[in-house]
Amino acid sequence: MSLQNMTGLFYPSQTLGGPHIDLEDIITSQNVISRVMHSYLGMLVPLGLLAGVFCVAILIRNKVKHQALDNLDLHLLALVVTDITIVFYSFTSKTRPDYLEISNLSCGVLSCFFNASYFFSQYLLILMFLVFLILDDPTTSQSRLRYVFLTLTLSIITSVVNVSLLGTYDNLQNITYCQLDPLNARPEYDFTKFIAGFGVPSLVLLIFGILIIIRGREVEMSEKLRAHVVVFCHIPIMFICRLFYNIMLIRRTGLKIHGFYMSPREELVLNIAELAVFSGSCIRLIFTLVLHKPCRDGLKKLVQFLINKCRRKESSNSVI
């Protein structure tokens, strides 16, 4: 099958240049993205996954011990699992500066699953913000699960609708260079992804933030902020990491609409912006471990256990 791109936009690194594109610029951008990818895979991924696995273990242990998860733990468990999933999706980028060469059908399916996690993490954070900082906490496990399930259903529906706008369904078996947001997607896909995955959620969070500022002097609100600081800290991390990526997504759409070529620098920045989304998930996993009290206490106990074990081992060696 031949490589085809119906939008007319191609990666300079895969087409060996183009009009007014210097081959040295391509080589330079490839070196940079390769180093950035190695740094991401070597540092953030191990730390993020270790933090995520530890958080899941602590939260599940609390569930087994207490026969139930409290409101915050349940929502955080769903968010942690989603962030771990997004980190695993980032392994599709480990070939950078090369790209996955798969069919449009496979790329669309991969994009659909990724977008479901992408939307769910955003919508779940809005739900947590609404439930814990604006409204009273739900009191029953049924209501908690219902809210999370409805959020997941909305995310899946939005993802399916978004992927239906890819515009590659007439050439499903053609091979393409695949990103989680395919380069050969129609502009409608990019606009929908921007609006549903960043624009509207950011606006909602901004409104919630204004409400919190207005009520900031209330004793009840101050107590909520202290009790749910992990939720509050997740918002700027997600916003900053996804703002960079969505700016580049709209920039990419502009190139498609106006029929421009992508420069090596734009390809480089787009790849770095994609890594920023994945890095945000790693950072949120680490923040959850550090800021959420049950997870933090579990980490302290583990560290203390290891210290005591080392001390006992040193004592037994000194006696011998």
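**Cysteines**

I looked up Cys-282 and found it buried, with a relative accessible area of 0%; I take buried as under 20% relative accessible area, exposed as over 50% and partly exposed as in between, with a 1.4 Å probe and protein chains only. I am working from a predicted model, in which local features need pLDDT of at least 70 and side-chain atom pairs count only at pLDDT 80 or more, while totals for chains, interfaces and linings use all residues. I number residues from 1 along each chain as its sequence is written, and I use heavy atoms for side-chain values, leaving out hydrogens and water.

I then searched for disulfides, each being a pair of cysteine sulfur atoms within 2.5 Å, and the count came to 1. The bonded residues are Cys-107 and Cys-178, whose sulfur atoms I find 2.0 Å apart, and the link is right-handed, with 85° about the S-S bond. Because Cys-107 lies in helix α4 (residues 104–134) and Cys-178 in strand β2 (residues 175–178), the pair ties together parts that are 71 residues apart in sequence. I use DSSP runs for helices (H or I, at least four residues) and strands (E, at least two), numbered from the N terminus.

I went back to Cys-282, which is in no disulfide, the nearest cysteine sulfur being that of Cys-241 at 9.7 Å.

I checked the length of helix α3 (residues 71–89), whose 19 residues should span 27 Å at 1.5 Å a residue, and I find its end C-alpha atoms 28 Å apart, which agrees; the expected span is 1.5 Å times one less than the number of residues. This helix is mostly covered, with 16 of its 19 residues buried.

I next looked at Ser-281, which lies in helix α9 (residues 264–291) and is buried at 0% relative accessibility. Leaving aside residues up to four places away in sequence, Ser-281 touches Asp-83, Ile-86 and Val-87, where contact means heavy atoms within 4.5 Å.

**Aromatic rings**

I searched the whole structure for aromatic pairs and found 13; rings of Phe, Tyr and Trp (its six-membered ring) pair if their centres lie within 6.5 Å, with planes under 30 degrees apart counted as stacked, over 60 as edge-to-face and the rest as tilted. One of them joins Phe-114 and Phe-278, with ring centres 6.2 Å apart and planes at 75°, so I record the pair as edge-to-face. It links distant parts of the chain, Phe-114 in helix α4 and Phe-278 in helix α9, 164 residues apart. I find Phe-114 buried at 4% relative accessibility and Phe-278 buried at 1%.

I also noted Tyr-118 and Phe-119, an edge-to-face pair at 5.8 Å centre to centre with 75° between the planes. Tyr-118 is buried at 0% relative accessibility, and Phe-119 is buried at 0%. These residues belong to one aromatic cluster made up of Tyr-40, Tyr-89, Phe-114, Tyr-118, Phe-119, Tyr-123 and Phe-278.

Finally, I looked for charges over rings, where NZ of Lys or CZ of Arg must be within 6 Å of the ring centre and within 35 degrees of the ring normal. Arg-242 lies over the face of Tyr-118, at 4.0 Å from the ring centre.
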